[in-house]
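Morning, everyone. I'll take the packing and the charged pairs in turn. Here is the model.

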Amino acid sequence: MAEFEIGQVVISRRGKDTGLEYVIAGFEQDGRVKLIRPNRFNVTRPKIKNPKHLQSTLRRAENLLDFIKAGKDIDAGYFHRSVRN
């Protein structure tokens, strides 16, 4: 299984959100991953997903780390610009 890091961009491989990009915001005690994608799942209400259902990428959203650490929600436009770069 791939090692995941906070701020890493991942792609959903299973479920009705297959193919969508998320950014890792943290980890649960049981090993599941907290994911953010504004408009539906943000820092204050992340999506919880099994890491087996995620595809790792080499991209990182470094400029979102401050928002994640501070627990602040991220504007959708800023999120998408950060993930694409």
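Is K34 buried, exposed or partly exposed? Partly exposed, with a relative accessible area of 27%. The cut-offs: buried is under 20% relative accessible area, exposed is over 50%, and partly exposed lies in between, with a 1.4 Å probe and protein chains only.

Some ground rules. This is a predicted model, where local features need pLDDT of at least 70 and side-chain atom pairs count only at pLDDT 80 or more, while totals for chains, interfaces and linings use all residues. Residues are numbered from 1 along each chain as its sequence is written, and side-chain values use heavy atoms, with hydrogens and water left out.

Back to K34. Its side chain meets that of E28 in a salt bridge, 3.7 Å from N to O. By salt bridge I mean a side-chain nitrogen of Lys or Arg within 4 Å of a carboxyl oxygen of Asp or Glu. E28 is partly exposed too, with a relative accessible area of 27%. By this rule, the count comes to seven salt bridges.

Next pair: R60 and E5. Their side chains form a salt bridge at 2.8 Å, N to O. This one links distant parts of the chain, 55 residues apart: R60 sits in strand 5 (residues 54–60), E5 in the segment before strand 1 (8–12). Strands here are DSSP runs of E, at least two residues; helices are runs of H or I, at least four; both are numbered from the N terminus. R60 is partly exposed at 28% relative accessibility. E5 is partly exposed as well, at 45%. A network of salt bridges links E5, R60 and E62.

Now R59 and E21. The salt bridge between their side chains is 2.3 Å, N to O. Again, distant parts of the chain are linked: R59 in strand 5 and E21 in strand 2, 38 residues apart. R59 is partly exposed at 26% relative accessibility. E21, at 13%, counts as buried.

On to the packing. A nonpolar core is a set of buried Ala, Val, Leu, Ile, Met, Phe, Trp, Tyr and Cys residues joined through side-chain atoms within 4.5 Å. The largest has 11 residues, including V9, V23, I68, F79 and V83. Which elements give two or more residues to this core? Strand 2 (21–27) and helix 2 (76–84). A second, separate core has eight residues, among them V10, V33, L35 and F41.

Last stop, V83. Leaving aside neighbours within four places in sequence, V83 is in contact (heavy atoms within 4.5 Å) with V9, E21, V23 and R59.
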